[in-house]
Amino acid sequence: MTPTVSLLLLLLLGLSRAHPLHDEGNEDEDDVDITTRILTSNNATDEILLEGDLLAPKTRNAMKCWYQSCQWKKGYNGLVTIPFTVSSQFTSWEKQKIDSAMKVYHSSTCIRFVPRQNEYDYISIENRAGCFSALGRVGGRQVLSLNRQGCVYHGVVLHEINHALGFQHEQTRSDRDNYVKINWEYINPQNAYNFYKQNTNNLNTPYDYTSVMHYGRTAFTVQYGRDTITPIPNPNVQIGQRRGMSRWDIIRINALYGC
Ligand SMILES: [Zn+2]
């Protein structure tokens with residue numbers, strides 16, 4: 001191998017290992033996938049959750065959130081301002097994690113999270129029993145829960161914020177049967193609804209195995225180690241990633257909000 005080629009290979013190896021958007025500096029950050037973390041944290045919660053981490057709404061069908069009604073409003077300046085509050089139960093380190101997740105939106109989309117003053121609609125980030133969020137803008141105060149024990153991780157914060165923006169789980173996409181096989185035999189019938197397809201707005205974007213909104217392959221399994229979701233045709237494709245927003249996740253936010 002010529003020195004130039006080996007140098008190039010080294011460089012490529014380095015690039016492929018670099019974190020896509022954000023360097024955590026936290027080694028155990030990605031030891032499990034995001035949904036495993038979320039579902040583990042939500043095991044003992046009393047909240048009524050759909051698909052593992054979506055708050056069941058009282059006023060509308062959770063799964064019908066598309067089109068203006070539950071999007072956040074765009075201002076004349078072209079920015080979508082979302083007021084938020086953060087519970088004082090969080091430590092400053094935890095608040096920093098939340099802040100750094102919000103910065104991902106600020107640097108790559110027209111979404112802007114701003115501390116709430118007196119706005120009517122806002123996201124209240126709280127330390128409740130589990131990691132969960134409402135789907136889209138609900139109206140008034142809406143809780144986004146990040147339990148301090150299991151949810152304050154970069155990927156989890158992004159995942160829950162994306163729900164609050166209106167995004168559903170990737171594997172419930174209307175066209176998912178072309179990309180993943182659901183192994184119903186390993187899913188408790190009581191949990192089967194978590195895998196039902198939804199009438200999603202796919203925004204003309206391809207199915208994205210790397211989405212921060214995709215479940216891991218053993219989500220809700222009844223038998224340890226058995227896949228409930230298998231990618232097709234190549235079962236070895238990685239799903240349920242651990243790091244951050246995919247390229248398509250960002251493109252979709254910009255498409256939905258017309259950034
Ligand atoms: Zn979720």
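1. Helices (H or I, at least four residues) and strands (E, at least two) are taken here as DSSP runs, numbered from the N terminus. On that basis the chain holds 5 helices and 9 strands, and its elements follow the order α-α-β-β-β-α-β-β-β-β-α-β-β-α from the N terminus on. The structure is a predicted model, in which local features need pLDDT of at least 70 and side-chain atom pairs count only at pLDDT 80 or more, while totals for chains, interfaces and linings use all residues. Residues are numbered from 1 along each chain as its sequence is written, and side-chain values use heavy atoms, with hydrogens and water left out.

2. Of the 259 residues of the chain, 50% count as buried, where buried means under 20% relative accessible area, exposed over 50%, and partly exposed in between (1.4 Å probe, protein chains only). A contact is defined by heavy atoms within 4.5 Å. Among contacts in the chain with a separation of 6 or more, 71% come from residues 24 or more positions apart.

3. Strand E5. In strand E5 (residues 122-126), 5 of the 5 residues are buried, so the strand is largely enclosed by the rest of the structure. Tyr 122, Ser 124 and Glu 126 point one way from E5, Ile 123 and Ile 125 point the other way, and all are buried. The burial therefore applies to both sets of side chains, Glu 126 included.

4. Pairing of E5. Two strands are said to pair if DSSP finds at least two bridges between them. Strand E3 (residues 80-86) pairs with E5 in the parallel sense over 3 bridges, and Phe 84 has Ile 123 of E5 as its bridge partner. Strand E7 (residues 141-146) also runs parallel to E5, and 5 bridges join the two. Here the partner of Ile 123 is Gln 142 in E7.

5. Helices H3 and H4. Helix H3 (residues 92-108) and helix H4 (residues 154-165) pack at an angle of about 55°, with their axes 9 Å apart. Axes are lines fitted to C-alpha atoms, for helices over the stretch in contact, and angles run from 0 to 180 degrees between N-to-C directions. Angles under 35 degrees count as roughly parallel, over 145 as roughly antiparallel, 65 to 115 as roughly perpendicular and the rest as oblique; H3 and H4 are therefore oblique to each other. From H3, Lys 97, Ile 98, Ser 100, Ala 101, Met 102, Val 104 and Tyr 105 meet His 154, Val 157, Leu 158, Ile 161, Asn 162 and Leu 165 of H4. The residues of this contact between H3 and H4 divide into 9 nonpolar, 3 polar and 1 charged. In this classification Ala, Val, Leu, Ile, Met, Phe, Trp, Tyr, Cys and Pro count as nonpolar, Asp, Glu, Lys and Arg as charged, and the others, Gly among them, as polar.

6. Helices H2 and H4. H2 and H4 pack at an angle of about 80°, with their axes 9 Å apart, and that makes H2 roughly perpendicular to H4. Ile 34, Arg 37 and Ile 38 of H2 make the contact with Gly 155, Val 156, His 159 and Glu 160 of H4. The residues of the contact of H2 with H4 comprise 3 nonpolar, 2 polar and 2 charged. The buried residues of H2 are Ile 34, Thr 35, Arg 37, Ile 38, Leu 39 and Asn 42; they pack against E1, strand E6 (131-133) and H4.

7. Asn 162. This residue is found in helix H4 and, at 2% relative accessibility, counts as buried. Leaving out residues up to four places away in sequence, Asn 162 touches Tyr 105, Phe 167, Val 212, Met 213, Met 245 and Ile 253.

8. Backbone points to check. Most residues other than glycine have a negative phi, and most peptide bonds are trans. Glu 51, in the loop between E1 and strand E2 (54-55), has a positive phi near 50° and is buried at 1% relative accessibility. Asn 204, in the loop between strand E8 (180-182) and E9, has a positive phi of about 55° but is exposed, with a relative accessible area of 83%. The peptide bond from Ile 232 to Pro 233 is cis, with omega near 0°; Pro 233 lies in the loop between strand E9 (229-231) and helix H5 (247-256).
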